[in-house]
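The sequence and the structure come first.

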Amino acid sequence: IVSEVGYDRSALTARLERILPILALIFMPVAALGIPAVEVLVIPIFGADYAGAVLPLQISISIMLISGMSSLFGTVVLAAGDARTPTTGLTIGCGITIALSALAIPRYGAAGAAWAGWLGEFFSVLYPLPKFLRVTRPAVSMRLLRMAVSSLTGTAAYYFLTRAASVADW
């Protein structure tokens, strides 16, 4: 959908204006509903032996929104004729994930691996972002900024509130 109009900035902007709300409608509710659903459903469905899987799965679900944005940014930059930026970002992001996993897994287990994946994916989003913003100009950039701030704030607030509540229960 995006790669067909990569060199035509006005057509690209029009497509992104349609795609960004769709991405938000898909990934934001899945993350917003999936994160609390994991806490409620994993133990009743799989048993108490799987209680340790709750936090890593919640972290992994939160990656979905970031991953969707990473894919969109890379596609737009690639369609605009720059294959190096998204490839470099993904390569460095994978390297970060592998390195942080090697450091975090021995101490934090699956949760450490999930956080390492989250940070690697986050870097994969940040790396092509300046090029994406230059290609799309302010029209798409401001909409994207509003979506990103609201979704990341909501996800972080929910995560920290639930963690604070679970610590208070101890």
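Helices (H or I, at least four residues) and strands (E, at least two) are taken as DSSP runs and numbered from the N terminus. Counted this way, the protein has four helices and zero strands. The order of its elements from the N terminus is α-α-α-α.

The model is a predicted one, in which local features need pLDDT of at least 70 and side-chain atom pairs count only at pLDDT 80 or more, while totals for chains, interfaces and linings use all residues. Residues are numbered from 1 along each chain as its sequence is written, and side-chain values use heavy atoms, with hydrogens and water left out.

**Burial and helix packing**

A residue is called buried under 20% relative accessible area, exposed over 50%, and partly exposed in between (1.4 Å probe, protein chains only). Of the 170 residues in the protein, 37% are buried.

Helix H2 (residues 54–79) packs against helix H3 (residues 84–126) at an angle of about 170°, and the two axes are 10 Å apart. H2 is therefore roughly antiparallel to H3. The axes are lines fitted to C-alpha atoms, for helices over the stretch in contact, and the angles run from 0 to 180 degrees between N-to-C directions. Angles under 35 degrees count as roughly parallel, over 145 as roughly antiparallel, 65 to 115 as roughly perpendicular, and the rest as oblique.

The contact of H2 with H3 involves 17 nonpolar residues, eight polar and one charged. In this grouping Ala, Val, Leu, Ile, Met, Phe, Trp, Tyr, Cys and Pro are nonpolar, Asp, Glu, Lys and Arg are charged, and the others, Gly among them, are polar.

**The salt bridge**

Side chains of opposite charge can pair when their charged atoms come close. With a salt bridge defined as a side-chain nitrogen of Lys or Arg within 4 Å of a carboxyl oxygen of Asp or Glu, the count comes to one. Asp82 pairs with Lys131, and their closest N and O atoms are 3.8 Å apart. The pair links distant parts of the chain, 49 residues apart: Asp82 is in the loop between H2 and H3, and Lys131 is in helix H4 (residues 129–169). Asp82 is buried, at a relative accessible area of 15%, whereas Lys131 is partly exposed, at 24%.

**Pairs distant in sequence**

The table lists C-alpha separations for residue pairs, including the salt-bridge pair.

| Pair | Apart along the chain | C-alpha to C-alpha |
|---|---|---|
| Phe132 and Val77 | 55 residues | 5.8 Å |
| Asp82 and Lys131 | 49 residues | 9.0 Å |
| Gly52 and Gly109 | 57 residues | 9.4 Å |
| Arg84 and Pro128 | 44 residues | 9.6 Å |

Phe132 belongs to helix H4 and is buried, with a relative accessible area of 0%. Gly52 is in the loop between H1 and H2 and is exposed, with a relative accessible area of 62%. Arg84, in helix H3, is also exposed, at 69% relative accessibility.

**A nonpolar surface patch**

Which residues make the nonpolar surface patch? Val40, Leu41, Ile45, Phe46 and Tyr50 form it, and the patch covers about 550 Å². Patches are made of residues with over 30% relative accessible area and no salt bridge; like charges are joined within 9 Å, and nonpolar side chains (Val, Leu, Ile, Met, Phe, Trp, Tyr) within 5 Å. Accessible areas come from the Shrake-Rupley method with a 1.4 Å probe, and for residues only the protein chains shown count as cover. Ile45, one of the patch residues, is in helix H1 (residues 9–46). Ile45 is exposed, with a relative accessible area of 57%.
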